[in-house]
Structures are given as structure tokens and as C-alpha cells.
Amino acid sequence: MVAMVHGLGRTFILLVMSVALLCVKGPSTAHAQSVTDTAVQERPDVRVVVDVSGSMKANDPNQLSGSALNMLVALLPDGVSAGIWTFGERVDNPLPLAPVTDDWRQSALRLPPVLENYQQYTDIEAALRMASAEEANGWRHVVLLTDGVVDLPPRRGTKPAADVESRKRVLDALAPDLARQGVAVHAIAFSEGADVALVERLGQQTGGLAAVVETPEQLLGAFLDIVERIFPADQVPLDNGRFVIDDSVNDFSALVFHPPGGDEVTLVAPDGTRYSADNVPPEVSWQHQPRFDLIRIPDAQHGEWRIEGAVGPQSRVTVSGDTRLATSSLPSTLYAGFDLPLEAWLESGDDAPAPDGLTVTASLNGEDFETPVETRLERQGEHFVGVLPAPTATGNARLVIDAVGDGFHRQRVQAVNILPAIGAVVSSDRRSIELVAEHPRLNRGNTILSGDLLGTPLTAEAIGRQRWEIMLPETNDQLRQPLVIDAQATLDGRQLNWRLPTVWLNTDGSVGIDRAAAGPTLVGERFAEEVTDAADQQRSADALADRFVELVNNPQLIIDWGRNVWPTVESQLKERSRDLRVWIGLAVLVVLLVVWRVWRRRRATEPAREEPHV
């Protein structure tokens, strides 16, 4: 399995070299001009921050970070400022911030060996501060690749308190400050062994995306999502291998994913002309690899095109031309129970009128959605406005704005993270429910929470500006009981009502945390508590072990102790000298002493340090 993933990693390195055509030679001008945040019209820059700590060696054994770096480098449009940082115990900048050119790309592609020079410790705080420090002409997008476990060297303070404090500074001080400066952090965690709550909250607070990836396929999807967030581009629907190029399109790029060893991909033009990797005219660019084909057609024929062969679900067709679909600013984080106002319109270079019969719809769909959330935007002049109904599921999702008219079809696709508006989790002692507002505008002044446990009403008392607590009555530990929590909030003169995910009491699952219900804040706090508790237990065990070894190494201490307790022991031995179990116990104790001594010596000679992981 590891060998297979390594092979996929090499495939992705080839992929990113060719996907550059998709964004640089294809619709890159649309990318450069389509920053949806009206407050910032300048071109954003991108700072890639790669974790090279020892824990990444354990949590990223397939070296996905190297493939990720190569992919993102290839996807960056020409002229965008970008730089690459690495961090472990220290922060390095092997590729300083500079405009992206062919030379810059070649320098970046030579960096993967640097990513394998693992360091001890993981200073995420220092990495974010240094990478985001340099000024930019517009938004600064920091792409953080990490296992998400803060682990500072001992010289920075007593562990684990120093780690917990650094993590707290990142979320409580640094992230809000970055958001105020226009710095968005897109965080990707490698494997479930990461501090996922840290990744989610970084994205939530700074307007970035967050994802957990364990396979190259997931990595590909996460990076395409990030690039589409930073450099939005128009797409046309790809339905069963068919797509339509209308009169307003100049050229298109098709990225077709397929299983290795499958049938050859063939592209059929509206006039019946057939293209393949081995049969293309000079003006057509075709990159063929075992798992994908990347095809760019300039001055494309208008009409329906067809792709023959296997077409993977992440395949897409991006277009550039005189007309493009524009939208109001689309947030990267949505909240369950809260609807989303939307606005969309068409922009045309020649001020051409909108297509006849133009309609605009919006849909939201994710892995945990039973059915998509959909709405139709109403026309107001040249714009289309509406409200997307509140989602009920949480997790990663895709928001699609779809504009259809007479002979015209465009889509704008954006990835979003959906969090619970209020997180809820059973307290450690199981005597209460802890609640924290994830939505930044909810607080005890505008929000009322109430619970119901099998018909018994329960009151939520505010214990902080954005915190509440529900005390639980005595319950039968053998019965699984549902606690229903309702929320009511008043925002902008509107009263909102929604129901939180059900919290189940007295189940084995209550020992852990339901991430969908708890939200990243409570999950992160529980993680910090577990780190502290585990460290305290380790210190106690180490202290006991050190005392034991001290006694073994210094027999005089044992003699002194024996003189003090011998009278009592002698009397007990006289009474139990005939009990065979006493002698067996003494023999076992001697064996354990010898084994313990050998183990401690071997442990002292081991130079390797086990890196922390969640």
C-alpha cells in the first residue's frame, strides 16, 4: 500500500507540471481578475508553509507534502507573488517571496528533498508569524501543510504547558490578528492523527479552508479547492463526459481523471474531429499520465464536445472568454442553522446583454448531506439575489452557483467548511453539557438555549460571553438517552430558531467527542486537556521509575529502609513463613527488578525521540 501511494505521489508531481497549463496558459486571466472580495481588488499572493517536523515523518509517511507542494506550485498563475517556508524547531525560507516565473517554478520543484530533512519539534506559531509578516499588494494566502500538533522545544518552557500556551496564542491572538490584516490561512492536516480542531479553527477565523487528507486523491481535491478559492474561474458542466462550449468562450482546458490502465481518453469535437494524446494538431496541448489527461483547446469550436473513456468525479472543464460569472463575496465557513445571502451577475467585456431566459440557482452539497440544499436567485435588474436555506449537516461541502440562459451555461464552484453554530459536548464528569458559540456573532446577549431530556425541560445558564452550561439530572447509566437542545437567536432584527445535533447520554460514544456536534473549539479544548493529563501521568510515572532506579543503584537506601521496617516485616514473616505464596511473590519481585533495570538501561541509550501525535 505504501509503495502504491509513493507511486501516486510521483504521478502527482507529473500532474502538477502539466496542470500549470490549466491555470497559466488557459483561463489564467480570468483567475487574476476574479477576486470576489470587493474590499481587495489587487492580485493576492500565496505563501506555502510546510511542516518538516519529526511528527510529520510519522503522520505523513507517504510524503504527501512533497506532492502537495509540487501541485500548488504548478497551479499558481504567472506573475502572482509566492514563497515557500519550512518549519520544525526553526523556520526557514528556502524560496523567498517573488513573482512566479518559469525559473521560480524550477527552483520550487527542486525543494522536495528539503522537506525530508526532518527536525525535532513543531513551532506552528513561529511559522505562521514569519510567513505572514511580509507585506503584499492584496490578500495574503498562507497554505499550511502540517500534522497540526504543536510541540515546542524544552528551552521554550515547561512541557506540555508551553505547547498548550502556544496553541492558545495561535487561536486567540494570532489568528484574529491575521484576519484583521487580510491574511487567510488555508490549513491541510495529514491524517486523522492531526490536531484537526486547530486546522479547522485557523480556517474558520481567517477566512480560509481546512481539510484532512490521507490519500493523494484527497490531497488533489483539497488543493484544487484552495486554488479555486484564491483564483476563482468559470466552469461549464461536465455531464457523462459531455460539455457545451458556447459562442462567448474563447478556449477551454479539460482536466480528465481516470483509473490507471484504463481505456485511452478521446476528445470528440462538435464537427466529429477526434483528438487523442497521440493525435493532436500543433495548437492543441495534451498531457497524458496514468491517472489523468490534461487537454487545452484554444479557439475552441462552439457546440457539444464529448469525452470518450472513463471520466473521474473530480474532472472539470474551465473556460475563458468575453463573458464571466461574478458573485458577491462567498464565505469559506458556513454555520449549520444559518442561511446564506447570495448575489450573482454576468460581466461582459463588450457590454453584451445577458442571454435570454437567464436563470441563476445555487446549491450546496457534501458527503454528509442526504439531499442538496438548493435555491433560485431572483432577478433584480442585472443582478440575481436570493438566500440559500440553512444547512443542517456539517463538514466539507461544495457551493455551486449555476447560471443558465439561451445557449449559455456557466458555473462557479467554491469549497466551504460547515461548522455547528453552537458546539455541545458532555462534560468530563458527565454531570453537565458544555456549549460554546462557534458563530462569531452569537453570545449570551442575543442567544437563548434550552434542553429537553425525555420530556424534562433543562435550562442553559450562561457561564461566559459565548459559553453556556446545562446541568444534567441523575440518569440511569444503563439507558441511552437523547438530549435535545434548541437555540433561539436575534440578529439584525430577525429571530432565528434551530435545533442542535442530538447529544446522546450514557453511551460508550459519550466518552469520545462527536466532532459534528462539538465543533472545533470544544474538541480543541478537550485535546489540550488530554495532552496535559497525559503529560502529568508521564511525569508521575517517570518520577516513580526514577525513584525505583535510585533504590536499585544505591543499595544503602534499601538497607536503611529495611532497618526501619524490619521489625514489622519480621513479625509478619514468622506468621506467613509457611505460606508458599509469599516466596513466589518475592521471586517474581526479584525478576521484575532485573527486567526493569535492563529496560531502563536500554531506554537511556536510545537517541530517537518519539514525536507527539493526537
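**Close-up views of a predicted model**

**View 1. The pairing of strands β10 and β14.** Strand β10 (residues 266–268) and strand β14 (residues 303–308) run antiparallel and are joined by three bridges. Leu267 has Ile307 of β14 as its bridge partner.

**View 2. The crossing of helices α7 and α8.** Helix α7 (residues 161–181) meets helix α8 (residues 196–206), with axes that come within 8 Å and cross at roughly 25°. Because angles under 35 degrees count as roughly parallel, α7 is roughly parallel to α8. The crossing of the two helices is right-handed.

**View 3. The residues between α7 and α8.** From α7, the contact is made by Arg167, Val170, Leu171, Asp172, Ala175, Pro176, Leu178 and Ala179. From α8, Ala197, Leu198, Arg201, Leu202, Gln205 and Thr206 take part. Nine of the residues in this contact are nonpolar, two are polar and three are charged.

**View 4. Confidence along the protein chain.** The average pLDDT of the protein chain is 79, and 73% of the residues score at least 70. Over residues 1–41 the pLDDT stays under 50, and the model has 96 contacts beyond four places in sequence for this stretch. Residues 534–552 also have a pLDDT below 50, with 18 contacts in the model beyond near neighbours in sequence. Where pLDDT is low, predicted coordinates should not be read in detail.

Definitions and conventions. Residues are numbered from 1 along each chain as its sequence is written. This is a predicted model: local features need pLDDT of at least 70, side-chain atom pairs count only at pLDDT 80 or more; totals for chains, interfaces and linings use all residues. Side-chain values use heavy atoms; hydrogens and water are left out. Axes are lines fitted to C-alpha atoms, for helices over the stretch in contact, and angles run from 0 to 180 degrees between N-to-C directions. Helices (H or I, at least four residues) and strands (E, at least two) are DSSP runs, numbered from the N terminus. Angles under 35 degrees count as roughly parallel, over 145 as roughly antiparallel, 65 to 115 as roughly perpendicular and the rest as oblique. A crossing is left-handed if the near helix is turned anticlockwise from the far one by less than a right angle, and right-handed if clockwise. Contact means heavy atoms within 4.5 Å. Ala, Val, Leu, Ile, Met, Phe, Trp, Tyr, Cys and Pro count as nonpolar, Asp, Glu, Lys and Arg as charged, and the others, Gly among them, as polar. pLDDT is the predictor's confidence in each residue, from 0 to 100. Two strands pair if DSSP finds at least two bridges between them.
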